[in-house]
Amino acid sequence: MPPTSPTVRIVEVGPRDGLQNIATHIPTSTKLDLIQRLHHAGLKSIELTSVVSPRKIPQLADCRDLLQHSLIRSLASDPHLRLPVLVPNLRGLEIAHSLDVKEVAVFISATEGFSRANINCTVGQGIERAREVASHAIAAGLAVRGYVSCIFSDPFDGLTSPAAVLRCVGALLDAGCYEVSLGDTLGVGSPATVRSLIRYLTDAGIPVSRLAGHFHDTYGRGVANVWEAYTCGVRVFDSSVAGLGGCPFAPGAKGNVATEDVAYMFHNAGIETGIDLASLVDTGAWISKQLADLDSTQNAIAAAGRVGTNSASQMSSSQKHAAQQSWRLRDVGVLV
Ligand SMILES: [Zn+2]
């Protein structure tokens, strides 16, 4: 028998982890609509955005506008909801705190190569930074969630040692994180490696109740990995509606495991998630259509801009902005 209760908590990361890797400029209103639909579908934990430099992640440049919006303010007043915001440093925390965010997420990479590429520091420096952000956040009364990325493999360094993951998980729990999400950023994990890592961590004294699973679906093993982690006692899983997102280091990679797939799997096994699956499926279809429509509109604007100066000069400033966005290469941002 699994050691803890049969219900699971799904942390919807689509608005942050999903959208941040999409090059097409998405209006803030669409993001707000997405968050509202996810809320109506019964999701009680939704990662809203990340307070990062607009240069690093242009897609999330509207984080302040989003967090100040009356919809978000109203959701934030509901004590039953968890609405974490990813913050990479103290500056991000200050901004989030000034916008009345009640929960932040901090992140570190278990591996040196990804840590350098993603946040330009060593693993040790990343741990120190996360510890500092967490301690300030906790002192200010905020809840802190932790992420460890590259739990199985690093795009530069190869396989990740379980000891490296343990070091990071232990440091984040010591820093006061209420739970740590294990991020298979590249989606290379399999049920066997998931089981082996969770066993390693729990054998070393990490309570399984403090762990969450964050499995990308790059090779189609996301749902299997979630199930395996469930059978090991993990009860919290990150997922993204419509499987939004991906990793720029793995060309053609799919994104996070889809919330619809995870919810279906659990419901089918008689395990409660609190999600209204029909409403969630509608939301997934809706955001997929929004993104497809935005993509074709922006490609048309960009094409008009290439046709000649006349058509380009007739574009509004917002159209020009959108056209620039569609040409911008995806930057290596803050990835989990
Ligand atoms: Zn992720």
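Helix α5 is followed by D100, whose phi is positive, near 65°; helices and strands are here DSSP runs, helices being H or I of at least four residues and strands E of at least two, numbered from the N terminus. The structure is a predicted model, in which local features need pLDDT of at least 70 and side-chain atom pairs count only at pLDDT 80 or more, whereas totals for chains, interfaces and linings use all residues. Residues are numbered from 1 along each chain as its sequence is written.

Within α5 (residues 90–98), G92, L93 and A96 are buried, a residue being called buried if 20 or more other C-beta atoms lie within 10 Å of its own, exposed if 12 or fewer, and partly exposed in between, with C-beta atoms placed from the backbone. An α-helix has 3.6 residues a turn, so residues three or four places apart point the same way. The buried residues of α5 pack against β4 (85–86), β5 and α7 (123–139).

Strand β5 belongs to an open sheet of nine strands, whose order is β2-β1-β11-β10-β9-β6-β5-β4-β3, with parallel pairing. At the edges stand β2 (45–46) and β3 (49–50), each with a single partner strand, so one side of each is left without a neighbour in the sheet. Two strands count as paired if DSSP finds at least two bridges between them. Strand β5 (residues 103–109) runs parallel to β6 (residues 143–149) and is joined to it by seven bridges, with V148 of β6 as the bridge partner of I108.

Further along the sheet, five of the five residues of β10 (residues 211–215) are buried, so this strand is largely enclosed by the rest of the structure. From β10, L211, G213 and F215 point one way, and A212 and H214 the other way. Strand β9 (residues 179–184) pairs with β10 in the parallel sense over five bridges, while two bridges join β10 to β11 (residues 236–239), again in parallel. The chain crosses from β10 through helix α10 (residues 222–231) to β11 in a right-handed β-α-β crossover, where right-handed means that, with the strands pointing away from the viewer, the path from the first strand over the helix to the second runs clockwise.

The protein averages a pLDDT of 88, and 86% of the residues score at least 70; pLDDT is the predictor's confidence in each residue, from 0 to 100.

Technical notes: Contact = placed C-beta atoms within 7 Å.
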